[in-house]
Amino acid sequence: ICRYIDAAFPGPALQPADLKGRARVDQWLSALSDYCYQSMIRDVVLPRVVVPMRGGKTDEAQVAAAVPKVERQLTIIDGALRDGPFLVGDKLTLADLMLVPLMFYIKSIPEGTALWPKFPALGRWFDAMAGRPSFAATMPDFAQAA
């Protein structure tokens with residue numbers, strides 16, 4: 001859907017014009033949705049945030065088992081951000097826009113807060129992304145309340 005919206009509507013392109021750059025964006029989109037979302041959101045953030053909000057108890061074993069995976073993924077992401085301002089090249093892409101909500105939630109839980117100082121390139125990137133007007137405009141209501 002994001003690729004379609006990018007191609008169908010006016011505005012700055014969110015996918016590189018060159019095939020290699022576009023393939024790199026696709027690679028990141030796939031990794032984020034197939035691996036990072038599972039370990040970061042389903043295995044850590046939801047049990048830590050949403051389950052207690054609904055009156056449940058966090059499955060601490062599930063969270064503890066996922067944290068090493070999250071740390072490994074953050075290490076890879078941080079490495080990709082060391083050489084430039086964005087995941088792919090020097091322009092904002094769909095990859096950055098898909099990553100930023102994951103990082104917002106990871107950064108807001110105790111496990112993420114503990115890991116965050118290890119990833120300075122990721123921190124720099126997140127701060128730049130959080131400074132964008134679109135970031136503030138799309139903040140979830142429950143995140144603002146928290």
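## Basis of the model

Residues are numbered from 1 along each chain as its sequence is written. In this predicted model, local features need pLDDT of at least 70 and side-chain atom pairs count only at pLDDT 80 or more, while totals for chains, interfaces and linings use all residues; side-chain values use heavy atoms, without hydrogens and water.

## Helix α3

Helix α3 covers residues 60-81 (helices are DSSP runs of H or I with at least four residues, numbered from the N terminus). At the start of α3, a side-chain oxygen of aspartate 59 comes to within 3.2 Å of the backbone nitrogen of alanine 61.

The buried residues of α3 include Val63, Val67, Leu74 and Asp78 (buried means under 20% relative accessible area, exposed over 50%, partly exposed in between, with a 1.4 Å probe and protein chains only).

## Salt bridges

The whole structure holds 5 salt bridges (a side-chain nitrogen of Lys or Arg within 4 Å of a carboxyl oxygen of Asp or Glu). One of them joins glutamate 111 and arginine 48 at 2.5 Å, N to O. Glutamate 111 belongs to helix α5 and arginine 48 to helix α2, so this pair ties together parts 63 residues apart in sequence. Glutamate 111 is buried at 15% relative accessible area, and arginine 48 is buried at 18%.

Lysine 118 pairs with glutamate 71 in another salt bridge, with the closest N and O atoms 2.6 Å apart. Lysine 118 lies in the loop between α5 and α6, and glutamate 71 in helix α3, 47 residues apart. Aspartate 78 forms a salt bridge with arginine 82; aspartate 78 is buried at 1%, whereas arginine 82 is exposed at 57%.

Notes: Helices (H or I, at least four residues) and strands (E, at least two) are DSSP runs, numbered from the N terminus. The expected span of a helix is 1.5 Å times one less than its number of residues. A polar contact is a pair of N or O atoms within 3.5 Å; within protein, one must be able to donate a hydrogen and the other to accept it, and residues adjacent in sequence count only if both atoms are side-chain atoms.
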